[in-house]
Amino acid sequence: MATDPITVQVIANGIKALIYEMDAAIERTSMSVIIREQHDFGMSLIDERGWVISGTTFTGGSLAEYAAANPVHPGDVILFNDPYISHGEISHLGDTMIAVPIFWDEKIIAWGIAWGHHMDMGADAPASMPTQASEIYHEGLQIPPVKLYKQGELQHDLLAIIARNSRTPDMMTGDLLALSSAGKIAEKRVHELCEKFGGDAVLETFGILFQRAHDTMAKLIQLLPDEEPIVFEDYLDNDGLNDEPLTIKAAITRHGDRVTIDYTGTSPQCEGPVNYPINESLEKMGLYNMLRLAAGDKVAIDPELDPNQGVEDLVDVIVPEGSFIRPEYPAPVSLRHLSLGRVDEVIQGCLAQVFPEVVPATHNGSLNCYSMLGRGREEKDRWLCFEVMAAGSGGRAAIDGIDAFSWNTRLKNAPAEFVETVYPVMIEQYSLRPGSSGPGKQRGGYGLIRAIRALRPAKLYFLDERHKTQPWGLYGGRAAQPNDAWLVRADGDLVKLPSKFDDLKLEPGDMFVMRTGGGGGWGDPFERDPALVVRDVKVGLLTVDQARERYGVVVDADTLELDETATTEIRMNSEPVLEWIDRGMPVDSPAPGEFRDVTERPYPWLVVPELPAEGSLATA
Amino acid sequence: MTERTTYRVGIDIGGTFTDVVLLDSKTQEITFGKAPTTPADRAIGFFNGLDLVLDASGADAAKITEIVHGSTVATNAVLEEKGSRLGLITTQGFRDILQIGRAYIPGIFTNFLRYKKPDPLVPLERVREAPERMSVDGRVLRPLDEAAVRTAIQELLDDDIEALAICLLHSYVNPAHEIRIEEIARELSPDLFISRSSSTLPEYREFERTVTTVLNAYVMPAVDRYLGSITNGLKKRDYPAELSIVRSDAGIMSIGAAVERPVNTVLSGPAGGVKGASVIAAAAGHPNIVSMDMGGTSTDVCLSTAGEPRLSTDAWVSHFPIRVPIIDITTIGAGGGSIAQVAPSGALRVGPESAGADPGPACYGRGGAQPTVTDANLVLGRLPAELAGGGVVLDLEASRRVVEEGVAKPLGLTVEQAAEGIIRIVDENMLGALRVVSVARGMDPRELTLVPFGGAGPVHGCQLARLAGISTVLVPAAPGVLSAMGFLLADVRQVFSRTMVGVIGELDPDRYNEELDALSRQATAWLDEEHIPAGDRAIEVTLDLRYKGQAYELPISAAIPLTDASLTEAMTAFHAEHKRRYGYDQPFTTVEIVTLRVTAIGELPTPELQRHTAEGPDAHHAIASQTQVFFDGAWVETNVYERSQLRAGNQFNGPALVRQDDCTTVIHPGQVVNVDDLLNLIVTNEEAGNGN
């Protein structure tokens, strides 16, 4: 019997509301800074096959496999973080997944799932992200699907093993309990919907939601050119161990009603931990999300439709065997998010060729993360500070890129006052990075400078990308400044750092400086409104020279006012840019393991004094 | 009870109407008035409304002792982006703080394709850095460069700033540098409006503190001008009444305090409504409520426990986080004007787009062409054909037409089914929000009484309660002017806080007691300034506690002075509250204090609500007419009761409509209504027992 459209919508809204409820619960109750302050978590409702119905995209085919092979009972909670067993559903060990089976009429009809990135799961490096790993055994505790709760009973033994393997046992325990509580919210709400409207109506609604996504995707696919591959490639600096770039290549081709993403041409599996066990279903939903925003206004679609896995049957994904996005166990994967981000940029680069009026130039191309781990024998020395930085996003045909942005859009940076309260560090500077933006008619967003001084002995770990290539600009827009990182020793000596390293010893007073990249520009910078260029000069985000070289805008060095005549003259004599993409120039950056002593400060540099302030190390 | 007749007046300026309530201190009689709001100069509507109740009651203006006012000036300045031109001074190295924010982009991963960051309230041109640095424990690491600061402020003054915000790192621990900067600014420009973070919000998290401080400065001049014009108006008329302003935490404060901390008034009006609902419900024996204020474009939901609205320090106004105590309201984009439409996917969506007041629902006949919630209610017979005492005649045919075109045809339903569908979607959306509000705060909605008010609240409240499993609904006697009423029920209140992080078990209680003493002294001094008699004062202490390393705190009351024993007690209460709210606790994890809060409360003589003697259950005398109303798929003959004719003790069954000037209450089949001695309608589901 078909359920009436109103009841279907009421159930659909109930599903959406339960996701919000889970989201609020996780943010409020989890313990890890990465989850709570930086929002590295997600939650979904998935069906008995593992298909995402609603929520942040995650797919759960491995749960269906588990349930087929093992008895699952109401009140059980499944826990895992294994990237290989889960087919890349979880793709590095720092994330764990909690899944609560939802039974109705003695059958599993859905799962409430929640995942989060824990502060530490034990590994060669904190936050379970060693940059020097050559096997997954270096990357922390591997947990295949196991039961954290059996029929409502918390398995304390299991929890004790996990906690014992973490550098932050309290956070680890708190996170797992918080994620479990969130999963149980989904169970409770789905039960209520079944009680109220009947299990059949709820299952029928799942089907309708899949169908809606499917139909929407079918329309979006038609906007792609038929039988005409759209190709793009981009590069990673290196795998953390060997100074060799890695290529990610994609071709998106529509074949009538279907579309294929083909990653043939992507580099082979590598020794270091940037291998990324790609999950096809996630790629399909990713393409759906990109298309919805890139082209949603070209066809009649429902903007409030949740992304879900109804698109599964419309997309084929070809992943070459032996490539670093299809690694073989036990290849290391802990830095896979750097590859994941670049894969998304490659898809973005493809779609920018079809939807230039919406799809931006690229962002800084990294999630710039560092950890500082206290060293010493006493308990108070065993602190662990972890942060993810933001950067600039790419310019768009109609608007500038976003300053201080992270492609992991749910991320929030931690307040300096929070960080300083909890860890013996001092945030000396946190500002935009002048000059970092890619020039364009619509400029890229500005990256950031964050300077962190260790006040006690520590070890520094850094995982970054795009130090060797520039974030690309589009359609006349120019490439932006890439990411880089520096160490200022307490005595003033300066070291240029490679993009990935572990275990760098810091003494009290040493200062770590991250400069994150800008976003690429969009459109010819010589067509940018001169008033906007002058504005950036006046607030110190561009120099007078940069305004002239990058934008053809002449600004009087004393008054900082626009010289209109000179500007018109330069601009009239400029050559138009013909290439559709500007990838900039190769950038010289230290190889893995190379800590390069330098004397000259890069521009722009800090506005705060480099040497530790008197007394800053006094109580620390 | 006072011997001499005096009056207190509550005035709430809403988007459309200015509501006025006048209370006779001797008889406790209440007079209501409604005048149109005058957006160009809201003081005009203020005095029109005041005149209205003076005329209606025959009261002598010379005997008004106090006017309690909910000012929307601060809110409007923010929403309309019409605040002051201001400057900001930050710590060196942090000038881009507003531009960076928390680097957060709302929505899904791909939102960066289209997202535009809102412009900050202070553009970079008017931000200056002060060379200085405090340590996390308040030591001066780099002394303040006064000459540089002087130059910076002079530059800002030359750039015509009206107001200055000052927010330096760790100033909540040591405000010395901020204070010195304020002094320098005052030397350079004695009349400059200045907002300093160590005074506005001495709590950690620099971005949120900066935004709060900046917002405060942003609205200061507008609030000052507005309150100045009201005070002058009163003076000109020789009214002796003292003016007080309602705070966002439902307390009130003097004009002086309001001008200094206008950021505390951003939710002044809604706070009054919630306060009114809580006090009236508590007087009727319902201390734990969820209030639901449903207007044209949105619905505000808030919990009150033990007769007090719950507070939050985690609120947003527009896209700005503000961290001062505010009633813990959740706003849902669902109101009478919310538009229903069928999306290309076939999904029926209701809101968040709203037809607003102009053009409004199709039935208003002002050109609204899309079906709204009000149209659906009219189609179902749930609204009378005339609104607001005969002022507006509603066009039923227009409603039927748009519901048919917009929803019924695309979904293959009858007009009535479509209209009922729209109402179901709205009610269920509100249910979802109600859940997030109550469950996320550890309350089970079934233990609460629902108090609907605002124009559309009583139309939807009874059905929402049923969906949520709430057994009792209380519809106050005057749901349309509850905010103004609530103003007269508010206490004088101010919160003094300070962030001071320390682990329980390791911290030195004496240091904390010193700080609490200092905060209590500030609180007492403030109560002195507000002229609160000794007997009416209360001081409450709460500690914001969290598991070490967690970023969210829970407020836990504590007894002072702090001792090892009282801290252990607070810690036990924290574990219990954590478990209650979040479903688990971690009794072996370290707990730390983050912020100390001392609340100064001046209890005002609150009016005794007028109680009526029961006159027996028969309510037939109040039946004005019968009408057909569509409930659960069929038209049902329904009595229409006139609210003003209902007497205490009257009882009747649903289905029923209860009409009054500014709203209609819809009672569903199977529900029972009892009129209590405060003339509230107490609506219960039959199965839950008969009446109170």
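Visitor: What makes domain 1 of chain B and domain 3 of chain B count as being in contact?

Guide: Two residues are in contact if their C-beta atoms, placed from the backbone, lie within 7 Å. By that criterion, 10 residues of domain 1 of chain B are in contact with 9 residues of domain 3 of chain B. This is a predicted model, in which local features need pLDDT of at least 70 and side-chain atom pairs count only at pLDDT 80 or more, whereas totals for chains, interfaces and linings use all residues. Residues are numbered from 1 along each chain as its sequence is written, and chains are lettered from A in the order in which they are written.

Visitor: Which strands supply the side of domain 1 of chain B that touches domain 3 of chain B?

Guide: Strand 1 (7-13) and strand 2 (17-24) of chain B each supply at least two of its residues; strands are DSSP runs (E, at least two residues), numbered from the N terminus. The residues of that side comprise 5 nonpolar, 2 polar and 3 charged. Here Ala, Val, Leu, Ile, Met, Phe, Trp, Tyr, Cys and Pro count as nonpolar, Asp, Glu, Lys and Arg as charged, and the others, Gly among them, as polar.

Visitor: Why are strand 15 and strand 21 of chain A said to pair?

Guide: Pairing requires that DSSP find at least two bridges between two strands. Strand 15 (residues 448-454) and strand 21 (residues 511-515) of chain A are joined by 5 bridges, and therefore they pair; they run antiparallel. Within this pair, Ile449(A) stands opposite Arg515(A) in strand 21 of chain A.

Visitor: What makes strand 14 and strand 23 of chain A edge strands?

Guide: The open sheet of chain A has 6 strands in the order 14-15-21-18-19-23, with antiparallel pairing. Strand 14 (425-432) and strand 23 (596-598) each pair on one side only.

Definitions and conventions:
Helix = DSSP H or I, 4+ residues; strand = E, 2+ residues; numbered from the N terminus.
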